[in-house]
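Here are some exercises to work through with the structure open in your viewer. Try each task before you read its solution.

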Amino acid sequence: MSAFPATRLRRLRRTDALRSLVRETRLDLDDFVQPLFVGPSSVPNAELPGMSRYSVEDVVAEAAELAALGVKALLLFGIPEEKDDEGSGAWEEDGIVQRALRALRAEQPALVLVTDVCLCEYTSHGHCGVLREGEVQNDETLDLLARTAVSHVEAGADAVAPSDMMDGRVGAIREALPEAPIVAYAAKYASAFYGPFRDVAESAPSEGDRRGYQMDPANVREALRECELDLAEGADVLMVKPALPYLDVLRAVRERFECPVAAYNVSGEYAMVKAAAARGHLDERAAALESLTAIKRAGADLVFSYWTKDLAQWI
Ligand SMILES: [Zn+2]
């Protein structure tokens with residue numbers, strides 16, 4: 001490259017139109033998934049509207065609104081009326097997510113319906129698997145996850161997304177579901193950025209934490225091993241979660257693997273910007289668009305974000 005003064009990179013930054021011509025990364029609504037929480041009743045969330053909770057009836061109305069705005073895909077989380085030790089609400093035929101799936105499938109045949117597959121919203125102790133003497137039991141949990149995934153697909157899910165981080169869960173689900181796409185939360189970190197989600201989903205562990213199964217935030221090579229295993233077990237999409245504090249992980253996964261890569265722009269990332277904007281420190285739209293662009297630039301093909309509905313109106 002010739003040096004200054006022959007080379008002046010500012011030449012292409014002079015106008016909006018010039019910048020747009022040479023822009024490397026663009027946001028396309030087709031790549032975004034809106035997470036939705038379904039529970040026994042609707043609970044609007046004034047501070048974090050993207051994290052409101054909907055009854056089955058209201059989630060159908062919200063999905064219709066999202067579809068009309070051009071949103072193509074939803075990720076469903078369920079909050080059951082009652083929890084138990086095992087988390088049996090996760091796989092019940094008339095569980096909350098299963099009922100929502102049937103209602104949504106009937107009304108919105110074209111929407112892609114992805115379901116979160118985990119037990120933590122359904123267990124009374126809030127852990128993602130079977131708990132014995134304070135320890136989450138890996139292998140005993142696998143059957144329950146596979147049962148949950150099968151019940152989701154039978155109720156109309158297009159894809160399942162296991163988020164528990166048990167070893168071998170992708171293989172267990174793949175064996176039970178040879179056809180359905182699996183979006184594996186492959187590199188899911190034990191992150192401090194899940195706080196608002198746990199409030200909405202009522203899924204905070206009552207004792208202990210999730211560091212015994214979710215990944216250590218300090219590790220990136222381990223993330224690649226997790227991805228490799230999930231692919232070998234039959235995953236179709238690899239996800240990195242959270243997104244913004246882990247853009248290097250996203251990039252590393254993108255460079256190593258050919259499959260679609262997803263990023264989860266988590267509740268804490270959303271809430272930080274919302275809180276700063278509410279105090280006048282940041283412009284929400286600009287900060288959100290910059291965040292989502294950074295996630296795409298780092299290598300995500302698809303992004304799960306609470307800003308998806310806003311994005312539909314912004315771009
Ligand atoms: Zn969980």
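**Exercise 1. Find out which residues lie nearest the centre of the largest cavity, and what the lining is made of.**

Solution. Keep in mind that you're looking at a predicted model.

- Step 1: start with the count. The lining of the largest cavity has 15 residues, and those nearest its centre are C120, K188, F197, R210 and K241.
- Step 2: sort the lining by type. You get six nonpolar, three polar and six charged residues.
- Step 3: Strand 8 gives at least two residues, and so does helix 6 (195-201).
- Step 4: Searching the whole structure for cavities of 30 Å³ or more turns up one.

**Exercise 2. Two lysines from that cavity centre, K188 and K241, each sit over a ring: work out which ring, and at what distance.**

Solution. 

- Step 1: take K188. Its charged end is placed over the ring of Y194, 5.8 Å from the ring centre.
- Step 2: take K241. Here the ring is that of Y264, and K241 lies over its face at 4.4 Å from the centre.

**Exercise 3. Classify the F37–Y306 and Y185–Y264 ring pairs as stacked, tilted or edge-to-face.**

Solution. 

- Step 1: get the overall tally. The whole structure holds ten aromatic pairs.
- Step 2: check F37 and Y306. Their ring centres are 6.2 Å apart and the planes meet at 5°; that's under the 30 degree cut-off, so call the pair stacked.
- Step 3: F37 belongs to strand 1 (residues 32-38), and Y306 to the loop between strand 11 (302-305) and helix 11 (308-314), so the pair ties together parts 269 residues apart in sequence.
- Step 4: F37 has a relative accessible area of 0% and Y306 has 1%, so both fall under the 20% limit and count as buried.
- Step 5: turn to Y185 and Y264. The centres are again 6.2 Å apart, but the planes are at 35°, so this pair is tilted.
- Step 6: Y185 is in strand 8 and Y264 in strand 10 (residues 261-265), 79 residues apart. Both Y185 and Y264 are buried.
- Step 7: One aromatic cluster contains F37, F77, Y185, F197, Y264, Y270, F304, Y306 and W307.

**Exercise 4. Describe the largest pocket by volume, lining and contributing elements.**

Solution. 

- Step 1: the volume is about 260 Å³.
- Step 2: the lining has 16 residues, with M165, M166, G212, Y213 and Q214 nearest the centre.
- Step 3: strand 6 (135-137) and helix 7 (221-232) are the elements that give two or more residues to this lining.
- Step 4: by type, the pocket lining splits into five nonpolar, five polar and six charged residues.

**Exercise 5. Locate M215 and say whether it's buried or exposed.**

Solution. 

- Step 1: M215 is found in the loop between helix 6 and helix 7.
- Step 2: M215 has 2% relative accessibility, so it counts as buried.

Conventions
Residues are numbered from 1 along each chain as its sequence is written. This is a predicted model: local features need pLDDT of at least 70, side-chain atom pairs count only at pLDDT 80 or more; totals for chains, interfaces and linings use all residues. Side-chain values use heavy atoms; hydrogens and water are left out. On a 1 Å grid over the protein atoms alone, a cavity is a set of points where a 1.4 Å probe fits but cannot get out, and a pocket is an open set with protein on both sides within 12 Å along at least five of seven lines; lining residues have an atom within 4 Å of a point. Grid points are joined across faces, edges and corners, and a volume is the space filled by probe spheres set on the points. Helices (H or I, at least four residues) and strands (E, at least two) are DSSP runs, numbered from the N terminus. Ala, Val, Leu, Ile, Met, Phe, Trp, Tyr, Cys and Pro count as nonpolar, Asp, Glu, Lys and Arg as charged, and the others, Gly among them, as polar. Rings of Phe, Tyr and Trp (its six-membered ring) pair if their centres lie within 6.5 Å; planes under 30 degrees apart count as stacked, over 60 as edge-to-face and the rest as tilted. Buried means under 20% relative accessible area, exposed over 50%, partly exposed in between (1.4 Å probe, protein chains only). A charge sits over a ring if NZ of Lys or CZ of Arg is within 6 Å of the ring centre and within 35 degrees of the ring normal.
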